Amino acid sequence: MKTLLYSLLFAFSLNANSQTFDYTGSLPTAIPDSNVNINFPINVSGLPIQIDSTYGLSSVCIDITHLQVSDLMISLTSPDSSSIILSLHNGTGGMNYTGTCLKMNAAAPLSQAIAPFTGNFLPDQSLNLLNNSQNPNGTWILSIIDVFPYYAGILNSVSIQFTNNPAPNPPALLTICSTTNSSSCTCKDSTMNDCDLLPDLICSYIIIRDGWGESNGTVDLPNAVMDVGSGPIEMKPTGNCFCDTVSVACTTLLCPSGDPPKERVNQRIYHKNPSGQMTFHDQSAGFQVFHPAHNHVHAENFCEFSLRVATSDPDPLNWPVIGTSLKEGYCMINMGTCDTQDSICMSNGQVITDSMLPNLNLGIVTGCGSQGQGLFVGRYDLYGSGFGQMISVPGICNGDYYIVTIIDPFNNFEEEDETNNVVAVPVHLNMQSGSPLSTSFTYATSGLDVAFFNFTAGVTRTWDFGDSTATVTALFPIHTYALPGIYNVKLTVFNGTCASTGLQSITVGTNVGINDNQSGLFDVNIYPNPSNEKFIVEYQLMHQSPIKAEILNVMGQSIKQVTDGMQQPGKHSFEINDLNAGSYFVRVISNDKALVHRIVKL
């Protein structure tokens, strides 16, 4: 009898050691890009009535053909309705799961791998969460949702395996910060153990810098929004819908205006508790709008783009606006992490990497669905320039401008840092049809002091003196350089519609000098300078020319005309002897040529 019992136990042990179950439906089968869960049931029978650390789920193997697997969320639900996420938009734009097995003794997490996925990987959530003493016999469901349009896929195979002694969680997995356990989550202030885990939304400088374009009258741009905070950005529906300000049922297809209704949404904010429990609260965060054309939901007024002209004000939002565009929003889908592309995450000049974000990948909601969307910590959402991010700027001229992008311009979402939502990217336009403005200027030097003059009417001016000092907007500025040398001075003029920029090299030294950008036409010499009595102004004409000479005050205003008329080639001079003490400028004009010299009356 004992021999028979031992034989039966031994036979059961062999039978229970490894059992594999497959989806028995028609394969291969389509995975549509419909933003709807597609369920693949797997019937399990003949197993022990309890799965745990001695016998339980040990692997899930899948084979999927898909051109962009980061579109996919893959989850597994057990007979007791417990569910885990196997892969949440992993793949960073790559293709295919080819013979991919998710196991707890794999060497690398799926979230840190690059598609195509081949071999063994750690899933996003532990398989052992399902080895919870439940009865495994019944229907298991593998669910796949493709949340992004354009690419459909094919499921080629799926199987789940049960074995003796399924691999335990690796030590690294035990320290993962999750929305159900905050013990390993880190507050922004790492000395705290009780805090809200807030997102921090920024726009990518390099994505705009490397991807913007122009045509006559338009500027278009790509944009990447990333979360570099300690918590995810998550948007939840409330069921309160409106046509304009009138409350309507959320099943309403169109408002009287012809637009779809908008729905009030909440921001979900997670809270780390000293006990290790993760809690959350929801607070109002604006509206979302359903776009039936592509079955997506967008956060209303999520990004604002503008083309601007820089001034000396350090805040780009105070710069003059040429044109603006407001994009309703993004469907907040995880497209990659900060390490996906060099320097894609940059905040206030600091490049952020995955290793700098201790709560990397914290989050549970992403995608384009109406029941919630968001970005995990360290993940970004990228929209190319073809997705309606276009600034209309008809009639402007070529020149230097800035594309200024602000995320969450109406401050609907609470963040860790509200000061880094703006990025300003310099661009030079050369395909515009507007009439260019004159950026020519003259200057006069006296030692290290240089006076600048531009006489373009009806414009504001921004002077960059080429020595890393702040720009100024004075009409006729006088700038003192720290050292002699050659400096590239840039002048930008702006008339409210058009901006033009000019660059000119000037030489600054210890001797009094004067610029002559019309060399050979005439020379000017003023002496003595400084003077406590009179000044003698001498100039040489190479050709017959109309000459106008006048005295300007430091504001550039003409206070005295000395001569005006046609003069013959040769040497000419005049005296200045009736000035009060102070600084002045002498301007000598021939045709459209002008020379300006600073004088000082003691």
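**View 1. Salt bridge between Arg209 and Asp210 in the predicted model.** The side chains of Arg209 and Asp210 meet with an N to O distance of 2.7 Å. Arg209 has a relative accessible area of 42% and is partly exposed, whereas Asp210, at 52%, is exposed. A search of the whole structure finds five salt bridges, and this pair meets in a salt bridge.

**View 2. Salt bridge between Lys534 and Glu575.** The closest N and O atoms of Lys534 and Glu575 are 3.1 Å apart. Lys534 lies in the loop between strand E38 (522-527) and strand E39 (535-541), and Glu575 lies in strand E42 (residues 570-576), so the pair ties together parts that are 41 residues apart in sequence. Lys534 is partly exposed, at 33% relative accessibility. Glu575 is also partly exposed, with a relative accessible area of 42%.

**View 3. Salt bridge between Glu538 and Lys571.** The side chains of Glu538 and Lys571 meet at 3.7 Å, N to O. Because Glu538 lies in strand E39 and Lys571 in strand E42, the pair ties together parts that are 33 residues apart in sequence. Glu538 has 17% relative accessibility and counts as buried; Lys571, with a relative accessible area of 58%, is exposed.

View 4. Glu418 is placed in the loop between strand E29 (399-407) and strand E30 (422-429). Its relative accessibility is 37%, so Glu418 counts as partly exposed.

Notes: Residues are numbered from 1 along each chain as its sequence is written. This is a predicted model: local features need pLDDT of at least 70, side-chain atom pairs count only at pLDDT 80 or more; totals for chains, interfaces and linings use all residues. Side-chain values use heavy atoms; hydrogens and water are left out. Helices (H or I, at least four residues) and strands (E, at least two) are DSSP runs, numbered from the N terminus. Buried means under 20% relative accessible area, exposed over 50%, partly exposed in between (1.4 Å probe, protein chains only). A salt bridge is a side-chain nitrogen of Lys or Arg within 4 Å of a carboxyl oxygen of Asp or Glu.
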